[in-house]
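Trainee: I have a structure to go through. Can we take it one question at a time?
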Amino acid sequence: MGTINLQDLKNGLVLRSTGSWYTVIGDDGEKYECRIKGNLKMKDLKTTNPVAVGDRVDFEFLEKDSKDRQSPVGLIYAIHERKNYIIRKSQNLSKQAHIIAANIDQAFLVITINYPVTTTTFIDRFLASAEAYRIPVVLVFNKTDKYDGEQMLQLDKLTTLYRTIGYTCLHTSALHNTGLHDLKSMMKGKISVLNGHSGVGKSTLVNKLEPGLNLKTNEISESHERGKHTTTFSELYELSFGGYIIDTPGIKAYGMLEMEPWEISHYFREIFIISSRCQYNNCSHTHEPGCAVKEAVKKEEVATSRYLSYLGLLETDQKYRPAY
Ligand SMILES: Nc1nc2c(ncn2[C@@H]2O[C@H](COP(=O)(O)OP(=O)(O)O)[C@@H](O)[C@H]2O)c(=O)[nH]1
Ligand SMILES: [Mg+2]
Ligand SMILES: [Zn+2]
C-alpha cells in the first residue's frame with residue numbers, strides 16, 4: 001500500500017458490516033465496499049468488531065482492487081471518536097463485547113399498553129440504560145386504535161408521567177396512520193434506533209414511513225433467533241426523506257454494563273435532581289434518614305412506579321445482567 005497522503009482519504013459512514021467487509025457511504029454519496037487496514041484491528045481488543053455501523057471513518061479509495069467487484073473498494077484507515085455506542089456482551093465468557101451500533105442520535109422506544117403489555121419497569125430500565133449510553137429517547141405509544149377506555153386512561157397517565165420527567169411522547173397507530181407525521185419529522189436527518197418488545201409494531205411503523213424498506217413484520221420468535229449461534233449484524237437503512245434507521249436484531253433494551261449501584265440514581269432524571277437535597281452525599285435513597293427522594297415519593301412528586309423501578313435496578317446484580 002505504501003504511504004498515503006492524508007488529504008486523499010475520504011470521509012464516510014459505515015452502513016453495514018459482514019465481519020470482513022464494510023459498506024461505507026462516502027460524503028460524496030457513493031457507496032464503497034471497504035476492508036480494514038490491518039493494524040486498526042489491534043487497537044481495541046475488548047470488542048469483537050473494531051468497526052461498527054454508525055461509525056464515521058476515514059478511508060482510502062482503492063481503484064485497482066475494484067475490477068471484479070460491483071462497488072468501488074476502499075480501505076478504512078481510522079475511526080472517528082464515537083459520541084455513543086450500544087454493545088452486547090459475547091455469548092462466551094471471554095468478556096468481549098460486540099458493538100451493535102455507534103453514534104446514535106436517538107432511540108424510539110415503541111410501547112403498547114396491552115398488545116403486548118409494556119411494563120413501567122421495562123420502560124424505566126430502558127430509559128436508565130439509554131441515559132447511561134447518552135442516547136436521547138422518544139416514547140412511542142403504538143396501536144392506540146386498539147385501546148379501550150381503561151387503556152386510554154393508562155395511556156394518558158403514562159404520557160403525563162414521562163412528559164413531566166422530560167421525555168417526548170408520541171401516540172401512533174400504524175394501522176390507522178395516525179401520529180406518523182410527527183414520527184417522520186423527528187427521524188428526518190438523524191440516525192435512529194427503534195426498540196421495544198417483539199410485536200409492538202416497530203417494523204410496521206418503519207414500513208409505513210419508508211415502504212421501500214419492506215421490513216419483515218410479525219416475526220414469531222426473536223428468542224429462537226438469539227438461541228441459534230448465528231451472528232446477527234445490524235444495519236443502517238437509508239431513509240428517502242433523510243436520515244437512517246438502525247435495525248438491531250433482537251435488541252430490546254440496552255445492557256447496563258459497568259453500571260455501579262451509586263450511578264443508578266443518576267439515570268433517573270427526576271430522582272437525580274431531587275437527590276441533591278438528600279442529607280447524605282452517598283444516599284442510596286432506600287433507608288437513610290433525611291432522604292429527599294423518599295419524601296418526594298411520599299408526596300407523590302416522584303411516581304411510585306419510578307421509585308420501584310429504581311429499587312429493582314439497585315437490587316439486580318449489575319455484573320451478571322445480560323446485555324440485551
Ligand atoms: N391494531 C394495530 N396493529 C398493529 C399496529 N402496528 C403494528 N400492528 C400489528 O402488530 C403485529 C406486530 O407488528 P411488527 O411490526 O412485526 O412488530 P415488531 O416485532 O415490533 O417489529 C403485526 O401483526 C402488525 O400488523 C397498530 O398500530 N395497530
Ligand atoms: Mg420487527
Ligand atoms: Zn436519598
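Trainee: Which residues are the protein donors of the zinc ion (ligand 3)?
Mentor: Keep in mind that this is a predicted model. A donor here is an N, O or S atom within 2.8 Å of the metal. The protein donor atoms lie 2.1 to 2.4 Å from the zinc ion. They belong to Cys278 (SG), Cys283 (SG), His285 (ND1) and Cys291 (SG).

Trainee: What arrangement do the 4 donor atoms around the zinc ion (ligand 3) make?
Mentor: Look at the angles. Four donors count as tetrahedral if all angles lie between 85 and 135 degrees. Around this zinc ion the angles are 102 to 118°, so the arrangement is tetrahedral.

Trainee: How are the donor residues of the zinc ion (ligand 3) spaced in sequence?
Mentor: Two of the donors, Cys283 and His285, are buried. Along the sequence, the donor spacing reads C-x4-C-x1-H-x5-C.

Trainee: Which residues have the most contacts inside the largest nonpolar core?
Mentor: Nonpolar side chains tend to be buried together in soluble globular proteins. The largest nonpolar core here has 39 residues. Those with the most contacts inside it are Leu109, Val137, Leu139, Phe141, Tyr162 and Leu236.

Trainee: How much of the accessible area of ligand 1 does the protein cover?
Mentor: Start with the surroundings: 17 residues surround ligand 1, and Asp145, Ala174, Gly199, Thr204 and Asn218 are the closest. Oxygen atoms of ligand 1 lie 2.5 Å from a polar side-chain atom of Thr204 and 2.9 Å from an N or O atom in the Ser203 side chain. On its own, ligand 1 has 580 Å² of accessible area. The protein covers 84%.

Conventions
Residues numbered from 1 in each chain as written. Chains lettered and ligands numbered in written order. Predicted model: local features only at pLDDT ≥ 70, side-chain atom pairs only at ≥ 80, totals over all residues. Heavy atoms only, no water. Core = buried A, V, L, I, M, F, W, Y, C linked by side-chain atoms within 4.5 Å. Buried < 20%, exposed > 50% of the residue type's maximum accessible area, 1.4 Å probe, protein only. Donors = N, O, S within 2.8 Å, 3.2 Å for Na, K, Ca; no water. Tetrahedral: all angles 85-135°; square planar, octahedral: opposite > 155°, others 65-115°. Near = heavy atom within 4 Å. Polar contact = N/O pair within 3.5 Å; in protein donor to acceptor, adjacent residues only side chain to side chain. Areas by Shrake-Rupley, 256 points an atom, 1.4 Å probe, with all protein chains shown as cover.
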